[in-house]
Amino acid sequence: MSGALLPEPAHERLTRLWQAHRPAGPMLPWELKTVYGDRWVRFHSLPESKRYAEDEAEYAVLLDRYNTVLDELFAGGEAYVVTTDWADPSEPTDYSAHRAALHPEGTLWTTLDDTDDPDPAFHTRWYFYADRRLWERGCLDPLLRAVADDTVPGIFVTDPDLTRIHHPYDGGADVILPTSEERDRLRDQHSAWLSAHPSGY
């Protein structure tokens, strides 16, 4: 059923997959392009790499681009939808309430301690919320619109085998494919949506 709650065994399966793919376990979505650089491509959400939509016509364009790629990754199958939060569930913030309202099916999956900064004051514990659902075009539109406005960053969608990952952000989406060959085919199919920068950013 679309939007079904993620049962605990599925949480455990997702964790095992992360550990099999990268022993450090779950990572923050913006790290995907570095860890999986050989299978990564970035698509921009609006023509001429415009970052934010200013009217409903532009929102329609960016939602169509998000959904077109998501369909190509997940149509006819199941997907995990994952959102992140930095607030302890026992001490929710306004952001937490906003995230939960847009991802009500998400249940706490795991946590990740980000301690890369040498200053402990900037260390963060991230909370990952996930659900598993049948993919349907448009099922994430409210969440994707919030992502495009940068009010709910840090989400990703993956297939149950963790081989296809879509991380939308304000301005575009990072996409991970199972192989570099599949990445190249998808990149060529939507070449008009690529960055003009040689690095792909």
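Select Thr93 and Tyr95 at the start of helix 4: a side-chain oxygen of Thr93 reaches to within 3.3 Å of the backbone nitrogen of Tyr95. That is a polar contact (a pair of N or O atoms within 3.5 Å; within protein, one must be able to donate a hydrogen and the other to accept it, and residues adjacent in sequence count only if both atoms are side-chain atoms). Helices (H or I, at least four residues) and strands (E, at least two) are DSSP runs, numbered from the N terminus.

This is a predicted model, in which local features need pLDDT of at least 70 and side-chain atom pairs count only at pLDDT 80 or more, while totals for chains, interfaces and linings use all residues. Residues are numbered from 1 along each chain as its sequence is written, and side-chain values use heavy atoms, with hydrogens and water left out.

**Around helix 4**

Select Tyr95, Ser96 and Arg99, the buried residues of helix 4. Buried means under 20% relative accessible area, exposed over 50%, partly exposed in between (1.4 Å probe, protein chains only). These three cover an arc of only 100° around the axis, so they lie on the same side of helix 4. The arc is that of the directions from the helix axis to the C-beta atoms. Now turn to the face directed away from that buried side: it carries exposed Asp94 and Ala101.

What covers the buried residues? Strand 2 and strand 4 are among the elements that do.

Seven of them form an open sheet, ordered 1-7-6-5-2-4-3, with antiparallel pairing. Two strands pair if DSSP finds at least two bridges between them. At the edges are strand 1 and strand 3 (107–114), each pairing on one side only.

Next, pick strand 6 (residues 165–169): it pairs with strand 7 over five bridges, in the antiparallel sense. Select His166; its bridge partner in strand 7 is Val175.

Beyond its neighbours within four places in sequence, it is in contact (heavy atoms within 4.5 Å) with residues including Trp40, Phe43, Val69, Leu73 and Leu186.

Now select Leu62, Tyr66 and Val175: they have the most contacts inside the largest nonpolar core, which has 30 residues. Such a core is a set of buried Ala, Val, Leu, Ile, Met, Phe, Trp, Tyr and Cys residues joined through side-chain atoms within 4.5 Å. Strand 1 (40–44) and helix 5 (141–148) are among the elements giving two or more residues. Helix 3 gives the most, with eight.

Last stop: a second, separate core of 19 residues, including Trp18, Val82, Ala130 and Phe156.
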